[in-house]
Amino acid sequence: MSNKSTMEFQSNKDFFSRVNLFVQTHTALMAVIIAAILFAATIIINPRSLNLVAIGNIVLLTVILSIPAAGQTLVLIGGGMDFGVGAVMSATAILTTYTMRGENGHFLPVLLISIAIGVVVGFVNGFCSVKIGLPAMIVTMAIANIVTRLQYILTQGVLSGTASPLLASTVKFKIGGVIPHVAVYALIIWPLVFYILNKSRFGKQLYLVGNNPTAAKLTGIKVDKVRIISYIFSGVLAAFAGIIGAAYMSTARCQIFDGYAYDSLIATIIGGTTFAGGSGSYAGSIAGSLVMVLLSNLLTSLNLASPIRNVLNAVILVLLLMLYNRGKAVRQ
Amino acid sequence: MKKLLVVMLAACMVFALAACGGAAEGGDTPAPAGSGSGSGSASAPAAGQTLKMASHNAVVEGNPYRVRYELDMQEAAADAVNYGYNVSYNSFVANSDASTEQQQLQNSINEGFDIIVNNPVATTGLDPIIESAQNAGIVYINADCAYMSTDVDILNVVTDQEYLGYKTGQYAGEVLGNGAKVVMIAAWEGNQANTDRQRGFEKAIAEAGMEVVATGNHDWDTTKSQQIMAEILNSGVQFDGVLVSQCAENALEAFDAAGVAYPGFIGFGDTGAFMQKMLEVNKDGLVTPYIVLSNPPGVGATALNFALNEIAGKKLKDGVFAPGYEDTHQIWIKSKVCYTDKDVAAGTQVEGMSIEDYANSFEAGDSITFWLNFQEVQDTYFN
């Protein structure tokens, strides 16, 4: 090999190394770039996709997905995993429609009971996986199963009631005819989660616990307590997302939002939070939620047959996940 | 303490898994609140023949239609007492897994059930099991989703799905006119009921000269119906009406969420939510024409009464099979309830009451249902 080609090879290698380094260190930004590419592709394929209705819908669906994704982010950063967010969402969505029955004025009891459900489920998930040491994936699935059984026992599987018009309007009403009201919820929840993760003592402890629990323990952090609290946060956020989801759907049936357990987990991982724990950001998870919504939007725009659409969706998600989630856990 | 907790959690998980698979182990599906009937009354002592019936279902959870299907089966089992049969009801759910279905069917054969009513996972693949059941003297009836194998001699009791699609498309064509652009949201690709229904839709679309400008599948999932409709709205495609294979109320919610005007037609729907929503939408004058059609979950209960008539030694009348489907012995139960916005305006009555009262008599998620009792099945289909 000549000196020139050796240099070219080295130069290409350096370029790919730099790209790889960029991808691995700017995961949230990468998710934004992927979202932009997906949106651009949608517009190129179908220029009519660039319209105010689409923007409003994308914002709405992204905000709804970003709420359970917030809980997933906290749990994953702490080194755990929560497959129960969908079941909690479904439970509180059913509670919302059954309690409200299309009438205004029941928001406070619904909110308080939902939060209580989120706290209890989150605590049980955390306690079982952290204190008893059972695998988080198994425990959260088993607890989700119990929550689902309770939905059927309480409702007999029959859908009943609707969300109140006032609650529905706080999600669907469009500010300026474009931005859905649900953005107001995002203005409360997003900064709150940013604060918890980046500014609070709990957030700093959570990163350390997820990164190196042994080191965290040696510095005096109550590792188990921090992890259990992350599960409780996840439960509460999922419970709140269920109320928002009920307002969006108007009606709710058993297991209606079970799919959000996987969607929110994938969104979080696409956003750069790793299974290894100790790294990731909520900004990434929001961007990951946007990627999920835009990908589904793109595939519908292509007007493909359902099986092909599902295969494409899975293939693209696997490719995206291959880009991330390859961080190695710190040796303890 | 830790060991105790582990034991308690293990017990808890076992409970959860047992609850999950409970139906698959022959547990009774809970009766609807206030339904006044159920397996309890079905198994009450009665003077007459005692029969064990197994209801096998591909899926129940998360599917309000299948939940109602099982509840109607329980009611029909209880009602059989009036015709001299003491029928016990047992439910088995395969959770869409063909091997689980086969295993459960084999268990039902081994346990000596008298009747098996199966709503199958797939349209083929059960021939040996069916033959085994029949050799054991079990009356095997396939219900709801047709079983398409021609190598076994069983009855297929299904709803006339083609009619549902055709009737909807036909009314859409009447309302929207020739050349109208429509969205077509189908149900579950590969499901026989969906295939039959789509054939009806396509026939009517062609006859009315309509153009399908966007498509999607909601897989009978309410969340997906709303999502697909929202994404079609996002795509900016221009259309006049929406043809949707049930879950219409959720497709309409997508218009609310997007803040855009309702379409020039939507249908069909069959739930309390859809009927009530459309009355509300059109209360001050016609905004969106629509059609309500029943795709009765009670088809399983009707199938049970076919089984009881066979046990009574009755023989089917000639010409009861659907034209073109004689080889698979398909009996298509016609939709009983069908009304449109025009019927509402004309003050037409449904089931002996005004459409408003009829619509408001349903819970939001409950589907229109009916089933033919033992005598009705005998009078209509047997000699």
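Student: Which residues of H2(A) are buried?
Tutor: In H2(A), the buried residues are Thr27(A), Ala28(A), Met30(A), Ala31(A), Ile34(A), Ala35(A), Leu38(A), Phe39(A) and Thr42(A). This is a predicted model, in which local features need pLDDT of at least 70 and side-chain atom pairs count only at pLDDT 80 or more, while totals for chains, interfaces and linings use all residues. Residues are numbered from 1 along each chain as its sequence is written, and chains are lettered from A and ligands numbered from 1 in the order in which they are written.

Student: What makes a residue buried, exposed or partly exposed?
Tutor: A residue is buried if 20 or more other C-beta atoms, placed from the backbone, lie within 10 Å of its own; it is exposed if 12 or fewer do, and partly exposed in between.

Student: Why is Leu298(A) called buried?
Tutor: Leu298(A) has 25 C-beta neighbours inside 10 Å, so it counts as buried. Leu298(A) lies in helix H13 of chain A. Leaving aside neighbours within four places in sequence, its contacts are Leu38(A), Ala41(A) and Thr42(A). A contact here means that the C-beta atoms of two residues, placed from the backbone, lie within 7 Å.

Student: What makes H2(A) a helix, and how does its reach compare with the expected one?
Tutor: Helices are DSSP runs of H or I with at least four residues, strands are runs of E with at least two, and both are numbered from the N terminus. H2(A) covers residues 27-45, which is 19 residues. The expected span of a helix is 1.5 Å times one less than its number of residues. For H2(A) that expectation is 27 Å, and the reach from first C-alpha to last is 27 Å.

Student: Turning to chain B, what makes H6(B) largely enclosed?
Tutor: In H6(B), 14 of the 16 residues are buried, so the rest of the structure largely encloses this helix. At 1.5 Å a residue, H6(B) (residues 161-176) should span 22 Å, and its end C-alpha atoms are 23 Å apart, which agrees. Gly177(B) follows H6(B) and has a positive phi, near 90°.

Student: How do you know that E6(B) pairs with E7(B)?
Tutor: Two strands pair if DSSP finds at least two bridges between them. E6(B) and E7(B) run parallel and are joined by 6 bridges. Val182(B) stands opposite Val212(B) in E7(B). E6(B) is also joined by 4 bridges to strand E8 (residues 241-244) of chain B, again in parallel. In E8(B), Gly241(B) stands opposite Val182(B).

Student: What is the hand of the crossover from E6(B) to E7(B)?
Tutor: The chain passes from E6(B) through helix H7 (residues 192-208) of chain B to E7(B), and this β-α-β crossover is right-handed. That word applies if, with the strands pointing away from the viewer, the path from the first strand over the helix to the second runs clockwise.

Student: Why is E6(B) called largely enclosed?
Tutor: 5 of the 6 residues of E6(B) (residues 181-186) are buried, so the rest of the structure largely encloses this strand.

Student: What makes up the side of chain B that touches chain A?
Tutor: The contact takes 44 residues from chain B and 43 residues from chain A. On the side of chain B, H8(B) gives the largest share, 10 residues. That side divides into 23 nonpolar, 13 polar and 8 charged residues. Nonpolar means Ala, Val, Leu, Ile, Met, Phe, Trp, Tyr, Cys and Pro; charged means Asp, Glu, Lys and Arg; the others, Gly among them, count as polar.
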